[in-house]
Amino acid sequence: NATSKHQPLRIRIFLEDGYVVVTNNRNPKITSQPSTGNGQRYIRKRYRDEAGKEIIIAETENDYTVKLPLL
C-alpha cells in the first residue's frame with residue numbers, strides 16, 4: 001500500500017466469530033514488479049501445518065481483510 005499524510009493506512013484489528021480480523025484500506029502502490037504472494041502462502045501454510053485451520057483472505061476495491069482462526 002502507498003501511504004501519505006493525506007491517504008494514511010488505516011488498520012483495524014478485532015475479534016469476530018472465533019477469528020482475529022485484521023483489515024486495512026487499500027491504497028495500491030504503483031510498482032514495476034507485481035507481488036509474489038509469498039506472504040499469503042506462508043501464513044496459509046503455517047496455519048494449516050501448525051493448527052490444521054485455514055485463514056480467510058478477502059479483498060474488495062476499498063479494503064483488504066485477513067481472518068485468522070483463534071488457536
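Student: In what sense do E1 and strand E2 pair, and over how many bridges?

Tutor: This is a predicted model. E1 (residues 11–16) and E2 (residues 19–25) run antiparallel, paired over six bridges. One of the bridge partners in E2 is Thr23, which faces Arg12 in the pairing. The hairpin of E1 and E2 has two residues between the strands, and Asp17 takes a positive phi near 50 degrees there.

Student: How many of the six residues of E1 are buried?

Tutor: Zero, so E1 lies largely in the open. Confidence in E1 is still the highest, at a mean of 97. Helix H1 (residues 38–51) is lowest, at 90. The protein averages a pLDDT of 88, and 97% of the residues score at least 70.

Student: Is Thr65 buried or exposed?

Tutor: The cut-off for buried is under 20% relative accessible area. Thr65 has 16%, so Thr65 is buried. Thr65 sits in strand E4 (residues 63–69). Its side chain makes a polar contact of 2.8 Å with the side chain of Thr23. Beyond four places in sequence, Thr65 also contacts residues including Val21, Val22, Ile56 and Ile57.

Student: Which residues form the largest nonpolar core?

Tutor: In soluble globular proteins, nonpolar side chains tend to be buried together. Here the largest such core holds five residues: Tyr47, Ile55, Tyr64, Val66 and Leu68. E4 gives the most, with three residues.

Student: What does Tyr47 touch, not counting residues up to four places away in sequence?

Tutor: Tyr47 touches Gly52, Lys53, Ile55, Leu68, Pro69 and Leu71. Among them, Ile55 and Leu68 are also core residues.

Conventions
Residues numbered from 1 in each chain as written. Predicted model: local features only at pLDDT ≥ 70, side-chain atom pairs only at ≥ 80, totals over all residues. Heavy atoms only, no water. Helix = DSSP H or I, 4+ residues; strand = E, 2+ residues; numbered from the N terminus. Buried < 20%, exposed > 50% of the residue type's maximum accessible area, 1.4 Å probe, protein only. Polar contact = N/O pair within 3.5 Å; in protein donor to acceptor, adjacent residues only side chain to side chain. Contact = heavy atoms within 4.5 Å. Core = buried A, V, L, I, M, F, W, Y, C linked by side-chain atoms within 4.5 Å. pLDDT = per-residue confidence, 0-100. Pairing = 2+ DSSP bridges.
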